[in-house]
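Here is a short briefing on one protein model.

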Amino acid sequence: MKLLKRMAVLSLVVLALGGCTKSSISTDAPVSGSEEVDPAKMETDDDETLPRDQNFLVEDETVETTMYDWEQAQSECDGLFNDTSAFPQSVKMEFTYDESALNIGLTWTVKNDTTNDDAMEYAVTMVKQFNDIIAAQSMDLENSSTDSFGTLWNQFSLDVKVVTEGGKALVDKSYKAGDKIDLKSTESVAEGPEDVADDSPKKLDETKASK
């Protein structure tokens, strides 16, 4: 009887050991028909670079560029043309630009009692000085002079206006790029060209020199 009990106990131990072995095998061994995954490969797949049009995390690197610094030009115009000590009839000067159409619009609003002659003076000054403000940003542009409005207007078409606060247009002209600008200062027309002193060395009279 004792022998039978011992055999029964041994059988239970063997069965118990067999169950533990099976559980260990099923947990640690790879499943049949599946491949072991390489962790390094998983990392590579996660870091795979997507095409630019599919990668929404890439920031748009396009930087808008302009021909000139128009904000700087606006700042200089505000300081120059809105100075009532220099231009007592001035109310406000504004400009617009369109680089795609290559057009610039200059508008100077003046007091209602501004004369036509004064308005023309302001128009001439505005066109020349605006050219010089932009020319300071480019080596390819020339400044204005007594007989030139500068070379910015060979590149851009121009709309120039001098209007009163009440909306009356005293000067309203448009020019295509490269056109001759026929704005004329009344003072320069009345006075004519200034005499230029001749500083060139003069030749001695040969007869006097021989004496």
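Accessible areas here come from the Shrake-Rupley method with a 1.4 Å probe. By that method the protein exposes about 16100 Å². Carbon and sulfur atoms supply 52% of this area. The model is predicted, and local features need pLDDT of at least 70.

**Overall layout**

- The protein has six helices and four strands.
- From the N terminus on, the order is α-α-α-β-β-α-β-β-α-α.
- Of the 211 residues in the protein, 26% are buried.
- Among contacts with a separation of 6 or more, 52% join residues 24 or more positions apart.

**Nonpolar core**

- The largest nonpolar core contains 36 residues.
- Leu106, Phe130, Trp153 and Leu183 have the most contacts inside this core.
- Helix α4 gives the most, with 11 residues.
- In general, nonpolar side chains tend to be buried together in soluble globular proteins.
- Leaving aside residues up to four places away, Trp153 touches Ile104, Leu106, Val127, Phe130, Asn131, Leu158, Lys176, Ala177, Gly178 and Ile181.

**Helix α4**

- How many of the 20 residues of α4 are buried? The count is 15, so α4 is largely enclosed by the rest of the structure.

- Ser157 lies in strand β3.
- Ser157 counts as buried because its relative accessibility is 16%, and buried means under 20%.
- The side chains of Ser157 and Asn103 are joined by a polar contact of 2.9 Å.
- Not counting residues up to four places away in sequence, Ser157 touches Leu102, Asn103, Ile104, Tyr175, Lys176 and Ala177.
- Leu102, one of the residues that Ser157 touches, sits in the loop between β1 and β2.
- Phi of Leu102 is near 50°, a positive value in a residue other than glycine.
- Is Leu102 buried or partly exposed? Leu102 counts as partly exposed, because its relative accessibility is 32%.

**Salt bridges**

- How many salt bridges does a search of the whole structure find? The search finds two.
- Glu94 is partly exposed, with a relative accessible area of 39%.
- Lys92 is partly exposed as well, at 40%.
- Another salt bridge pairs Asp182 with Lys173, and the closest N and O atoms are 3.8 Å apart.
- Asp182 is partly exposed, with a relative accessible area of 40%.
- Lys173 is partly exposed too, at 32%.

Terms used:
Residues are numbered from 1 along each chain as its sequence is written. This is a predicted model: local features need pLDDT of at least 70, side-chain atom pairs count only at pLDDT 80 or more; totals for chains, interfaces and linings use all residues. Side-chain values use heavy atoms; hydrogens and water are left out. A nonpolar core is a set of buried Ala, Val, Leu, Ile, Met, Phe, Trp, Tyr and Cys residues joined through side-chain atoms within 4.5 Å. Buried means under 20% relative accessible area, exposed over 50%, partly exposed in between (1.4 Å probe, protein chains only). Helices (H or I, at least four residues) and strands (E, at least two) are DSSP runs, numbered from the N terminus. Contact means heavy atoms within 4.5 Å. A polar contact is a pair of N or O atoms within 3.5 Å; within protein, one must be able to donate a hydrogen and the other to accept it, and residues adjacent in sequence count only if both atoms are side-chain atoms. A salt bridge is a side-chain nitrogen of Lys or Arg within 4 Å of a carboxyl oxygen of Asp or Glu.
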